[in-house]
Amino acid sequence: MPHVSLEFSSGISEVYDIQNVCERLLAELSNDPAFDPADIKIRAKPIDYFCMGTDPQSFVHATLLLMDGRDEPTRKRLNTVILNTLRDQLSDVGSITVQDLEMTRATYLKSLL
């Protein structure tokens with residue numbers, strides 16, 4: 001843990017290297033003592049259809065999934081790292097938002113090779 005899922009307006013990938021953005025997020029989050037860097041997972045997907053009430057018509061939304069039990073200051077610190085990294089990497093994107101969600105440790109399952 002954690003998992004970071006990025007949703008972004010599809011035109012952004014024509015201007016920015018989204019793989020590079022993912023790698024930068026991984027590097028920044030790896031510096032945080034809250035978790036082992038080997039556990040961090042980052043994924044991104046374009047959204048083709050959307051409506052926004054503001055201009056410019058571009059967005060990135062990050063969802064940070066964490067195991068339950070993290071305190072609010074830790075969650076806020078991690079969200080701030082994500083927001084600052086995205087704003088640094090995607091300087092002219094109209095809207096950048098970050099949301100954290102807790103996953104229930106008792107019911108989370110995974111299988112690794």
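Predicted model: local features only at pLDDT ≥ 70, side-chain atom pairs only at ≥ 80, totals over all residues.

Modeller: Strand S3, helix H3 and strand S4 form a β-α-β unit, and its hand is right-handed. Within the unit, S3 and S4 run parallel and are joined by nine bridges. One place to look for this pairing is threonine 63, which stands opposite glutamine 99 in S4. The helix of the unit, H3, covers residues 72-89 and packs on the sheet, where it touches S1, S3 and S4. The direction of H3 makes about 150 degrees with that of S4.

The unit belongs to a wider arrangement. The sheet is open and has four strands, in the order S2-S1-S3-S4, with mixed pairing. At its edges are strand S2 (41-47) and strand S4 (95-103), each of which pairs on one side only. From one strand to the next, the twist averages 15 degrees. In general, the strands of a sheet pair through backbone hydrogen bonds, and they may do so in parallel or antiparallel fashion.

The antiparallel case is found on the other side of S3. Strand S1 (residues 3-9) and strand S3 (residues 59-67) run antiparallel, and six bridges join them. Here histidine 3 stands opposite leucine 65 in S3.

A search of the whole structure finds one cavity of 30 Å³ or more, and the volume of the largest cavity is about 30 Å³. Its lining consists of Leu6, Phe8, Ile18, Val21, Val60, Leu86 and Leu90. S1 supplies at least two residues of this lining, as does helix H2 (18-30). Sorted by class, the lining residues of the largest cavity are seven nonpolar, with no polar and no charged residues.

The loop between S2 and S3 contains proline 56. This proline is joined to aspartate 55 by a cis peptide bond, with omega at about 0 degrees.

To draw the account together, S3 is joined to S4 in parallel and to S1 in antiparallel fashion, while H3 packs on the sheet.

Notes:
Residues numbered from 1 in each chain as written. Heavy atoms only, no water. Pairing = 2+ DSSP bridges. Axes fitted to C-alpha atoms, helices over the stretch in contact; angles between N-to-C directions. Contact = heavy atoms within 4.5 Å. Right-handed = clockwise from strand over helix to strand, strands pointing away. 1 Å grid on protein atoms, 1.4 Å probe; cavity = no way out; pocket = protein on both sides within 12 Å on 5 of 7 lines; lining within 4 Å. Points joined across faces, edges and corners; volume = space filled by probe spheres on them. Nonpolar A, V, L, I, M, F, W, Y, C, P; charged D, E, K, R; others polar.
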